[in-house]
Amino acid sequence: MVFTYNSVDCVDGTLTYGGYSSAVVVHERFVVRFPDAMPLDKGALLLCAGITVYSSPMKHHGLNVPGMHLGVLSLGGLGHVAVKFAKVFGMKVTVISSSPGKKREALELLGADAFIVSNNADEMKAAMGTMDGIINTVSANVPMAPLFELLKPNGKMIVVGLPNKPIEVPAFALVDQNKTLAESYIGGMSDTQEMLDVAAKHGVTAEIELVSADYVNTALERLVFVIDIANTLHKVAGAAAE
Ligand SMILES: NC(=O)C1=CN([C@@H]2O[C@H](COP(=O)(O)OP(=O)(O)OC[C@H]3O[C@@H](n4cnc5c(N)ncnc54)[C@H](OP(=O)(O)O)[C@@H]3O)[C@@H](O)[C@H]2O)C=CC1
Ligand SMILES: O=C/C=C/c1ccc(O)c(O)c1
């Protein structure tokens, strides 16, 4: 398999540069038509986040039914697009987030119906047994059992987040009320085209910040600033020692 980025090209042995290439040759089966109504910048992220949440979790696992209550775990790139599609499908959406500061974005910008902070025991308890499905987009290892408690009997959780350690799920979280756990990876070409067309029709785009190419290094520095892991760990260790 030749990956889009940093992979060895099977024809000429050079490295692949993905979107940084000046030109690419692609078999027609692997090309999608970008709808005229879809802006290139705000639509680009849909080719990853959009298809990942639309294809398997929503379409193939049936988490796209009007009136259904959907939980969206984590409000990042994937999560915010899941909220937008779910609202287009007429679903009730609850965002489950570790970041209390994202409540306003979830409710006012994205149109979610409710917002739960995942480490707020009262909020989690109040939502127990209310959700038909959860699209799990969290990129870290988080406790899974409390999330399954949010599901109704026969409810399903579709995991698309990729934490770097194995996901641990107690068997009883599933067997007790016949719940389902599934995982999925991005999506196929026909679903990608369908997703783009649905998004264009309903005005679903990703929230992005557009920067010029010569700003890339600054953008990465800003990311390093935002994810200041060293100091965060230092603070956590300090707090634990107090
Ligand atoms: N299956 C697939 O096909 C694909 C999988 N992915 C994977 O999906 C995941 C999400 O991608 P994306 O949305 O772009 O990533 P983002 O970084 O934009 O969002 C991840 C979210 O996870 C939550 N989170 C991060 N760290 C922690 C933590 N320590 N504890 C609790 N919550 C945390 C945060 O949400 P909040 O603040 O709301 O809690 C964060 O916004 C990644 O693992 C990515 O690799 C991506 C594309 C395709
Ligand atoms: O183009 C889509 C991106 C896919 C993708 C797959 C896996 C992963 O960890 C990502 O962060 C993105």
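View 1. Asp132 belongs to strand E6, which spans residues 131-136; strands (E, at least two residues) and helices (H or I, at least four residues) are DSSP runs numbered from the N terminus. This is a predicted model, in which local features need pLDDT of at least 70 and side-chain atom pairs count only at pLDDT 80 or more, while totals for chains, interfaces and linings use all residues. Residues are numbered from 1 along each chain as its sequence is written, chains are lettered from A and ligands numbered from 1 in the order in which they are written, and side-chain values use heavy atoms, with hydrogens and water left out. Leaving aside residues up to four places away in sequence, Asp132 touches Leu63, Met68, His69, Leu151, Lys152, Gly155 and Lys156, where contact means heavy atoms within 4.5 Å. Between Asp132 and Lys179, 47 residues apart in sequence, the C-alpha to C-alpha distance is 10.0 Å.

**View 2. Packing of helices H2 and H3.** Helix H2 (residues 49-60) packs against helix H3 (residues 77-88) at an angle of about 60 degrees, with the axes 8 Å apart; axes are lines fitted to C-alpha atoms, for helices over the stretch in contact, and angles run from 0 to 180 degrees between N-to-C directions. H2 is therefore oblique to H3, given that angles under 35 degrees count as roughly parallel, over 145 as roughly antiparallel, 65 to 115 as roughly perpendicular and the rest as oblique. Ala49, Gly50, Thr52, Val53, Tyr54 and Met58 of H2 make the contact with Gly77, Leu78, Val81, Ala82, Phe85 and Ala86 of H3. By class, this contact has nine nonpolar, three polar and no charged residues, with Ala, Val, Leu, Ile, Met, Phe, Trp, Tyr, Cys and Pro counted as nonpolar, Asp, Glu, Lys and Arg as charged, and the others, Gly among them, as polar.

**View 3. Packing of helices H2 and H8.** The axes of H2 and helix H8 (residues 189-202) cross at roughly 100 degrees and come within 9 Å, so the two helices are roughly perpendicular to each other. From H2, Gly50, Ile51, Tyr54, Ser55, Lys59 and His60 meet Asp191, Thr192, Glu194, Met195 and Val198 in H8. The contact of H2 with H8 comprises four nonpolar, four polar and three charged residues.

**View 4. Shell around ligand 2.** Cys48, Leu162, Tyr185 and Ile186 are the residues around ligand 2, with a heavy atom within 4 Å as the criterion. The shell divides into four nonpolar, no polar and no charged residues.
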